[in-house]
Amino acid sequence: MNITPIIDGQLDEDALDQQLQTLIADVLGLDPAQAAAFDSDSGLFGHLPELDSMAVAGLLTEMEDRLGIVIEDDDVDGEMLETYGGLRAFARAKLDPLQTPS
Amino acid sequence: MSFTWNIPAPDGGLPSEELLLAFDRGRAERVLILPAWFDEANKLRRFTVEVMRRLDAAGIDSFLPDLPGCNESLAPLADQTLEGWRRAADIAATSFAATHVLAIRAGAMLAPAGLPGWHYAAQSGPKLLRGMIRARIIAAREAGISETSDELLAIGRSEGLTLGGWHLGAAMIAALEIAEPALAPGQHGIAQPELGGPGLWLRAEPAEDAAQADALARIIIETLG
């Protein structure tokens with residue numbers, strides 16, 4: 001388990017996928033191979049019954065710690081939580097704020 | 001294994017009676033367990049008791065008291081304060097003649113400074129509140145209601161707040177906004193990676209992990225042995 005915050009921009013695509021998939025595996029109690037099967041369209045909040053608001057809040061807080069980012073109230077919307085792809089795009093935008101069109 | 005313990009009223013009134021889970025065989029090493037709080041308490045309950053079973057097998061007594069306002073307590077949670085829970089933890093340490101403390105997550109904010117022991121994956125008040133407020137905002141948004149952390153905290157400070165179904169009083173909210181666990185002399189932090197797996201409080205549903213319970217118990221047993 002890697003809980004060292006990562007410096008902005010130093011996380012390549014595969015490493016980001018691995019971080020997020022490990023995190024989702026930790027939250028859902030999956031083994032890493034199952035979580036590695038998550039793709040952009042995989043449904044999260046609203047699709048997985050065990051992923052309630054408390055679990056999502058825990059997931060976001062852990063994302064802050066592991067990725068070294070800060071998630072504001074306004075950042076949290078249905079789109080970023082609905083699918084794995086949405087969450088991933090959100091994390092990428094937080095890590096590289098200058099490279100992502102707003 | 002199940003007992004009760006009494007907390008004398010601060011003003012000399014009737015004591016309150018709370019439940020206690022204990023492995024007490026009158027042995028020399030007696031560990032006070034201060035559990036995780038609220039939602040995390042449920043997720044870590046079985047893990048916590050599994051650690052106690054391992055300590056028992058290794059010849060170490062342990063005591064897991066319910067704090068007032070928690071579980072089957074008759075005291076309303078909304079009336080509880082951080083200061084009151086710290087007092088309860090101190091009274092528990094004396095009542096059980098504890099020699100050590102194992103404080104888990106937010107429980108670390110209550111660890112009696114006079115006892116050596118361990119803070120496992122200690123959680124601060126601000127982080128605890130942040131997670132609970134975030135959960136409330138996400139749930140409200142699903143219901144089409146817009147709330148912000150600042151608004152909720154302002155309400156919480158003046159009249160208390162219900163977060164994830166837990167009704168916290170104004171004094172508790174205000175205290176948690178600045179409460180940090182502090183390692184007293186003889187107390188050591190145990191970080192989650194030392195247990196070799198992800199923290200069970202993260203899990204969407206309560207789970208258990210025998211290897212993690214083994215690892216935490218081993219750290220304690222090796223120190224006391």
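Two residues are in contact when they have heavy atoms within 4.5 Å of each other. Among contacts in chain A between residues at least 6 apart in sequence, 69% join residues at least 24 apart.

This is a predicted model, in which local features need pLDDT of at least 70 and side-chain atom pairs count only at pLDDT 80 or more, while totals for chains, interfaces and linings use all residues. Residues are numbered from 1 along each chain as its sequence is written, chains are lettered from A and ligands numbered from 1 in the order in which they are written, and side-chain values use heavy atoms, with hydrogens and water left out.

**Stop 1: chain A as a whole**

Chain A has five helices and zero strands; helices (H or I, at least four residues) and strands (E, at least two) are DSSP runs, numbered from the N terminus. The order from the N terminus on is α-α-α-α-α. Of the 102 residues in chain A, 47% count as buried. Buried means under 20% relative accessible area, exposed means over 50%, and partly exposed is in between, using a 1.4 Å probe and protein chains only.

**Stop 2: helices α1 and α3 of chain A**

Select residues 13-28 of chain A, which form helix α1, and residues 53-67, which form helix α3. The two pack at an angle of about 145 degrees, and their axes are 10 Å apart. Axes here are lines fitted to C-alpha atoms, for helices over the stretch in contact, and angles run from 0 to 180 degrees between N-to-C directions. The crossing of α1(A) and α3(A) is right-handed. A crossing is called right-handed if the near helix is turned clockwise from the far one by less than a right angle, and left-handed if anticlockwise.

Now show side chains. On α1(A), the residues that meet α3(A) include A:L16, A:L20, A:L23 and A:V27. On the α3(A) side, A:A55, A:L59, A:M63 and A:L67 are among them. By class, this contact of α1(A) with α3(A) has nine nonpolar, two polar and three charged residues. Ala, Val, Leu, Ile, Met, Phe, Trp, Tyr, Cys and Pro count as nonpolar, Asp, Glu, Lys and Arg as charged, and the others, Gly among them, as polar.

**Stop 3: helix α5 of chain A**

A:L59, A:L60, A:M63 and A:L67 of α3(A) make the contact with A:L87, A:F90, A:A91 and A:L95 of α5(A). Which classes are found in this contact of α3(A) with α5(A)? It has eight nonpolar, no polar and no charged residues.

Next pick A:D17, which is in helix α1 of chain A. Not counting residues up to four places away in sequence, A:D17 touches A:Y84 and A:R88.

**Stop 4: aromatic rings in chain B**

Over all chains, a search of the whole structure finds nine aromatic pairs. Rings of Phe, Tyr and Trp (its six-membered ring) pair if their centres lie within 6.5 Å; planes under 30 degrees apart count as stacked, over 60 as edge-to-face and the rest as tilted.

Select B:W37 and B:F38. Their ring centres are 5.7 Å apart and their planes lie at 70 degrees, so the pair is edge-to-face. B:W37 counts as buried at 4% relative accessibility, and B:F38 counts as buried at 5%.

B:F38 lies in helix α1 (residues 38-57) of chain B and B:W166 in strand β8 (residues 166-168), so the pair ties together parts 128 residues apart in sequence. B:W166 is partly exposed, with a relative accessible area of 24%. Ring pairs link B:W37, B:F38, B:W85 and B:W166 into a cluster.

**Stop 5: two loops of chain B**

Go to B:R105, in the loop between β5 and β6 (117-120) of chain B. Is B:R105 buried or exposed? At 8% relative accessibility, B:R105 counts as buried. B:R105 has a positive phi of about 50 degrees although it is not a glycine. The charged end of B:R105 sits over the ring of B:W201, 3.8 Å from its centre; this requires NZ of Lys or CZ of Arg within 6 Å of the ring centre and within 35 degrees of the ring normal.

Finish at B:A97, in the loop between α2 (82-95) and β5 (100-104) of chain B. B:A97 is not a glycine, yet has a positive phi of about 50 degrees. B:A97 is partly exposed, with a relative accessible area of 45%.
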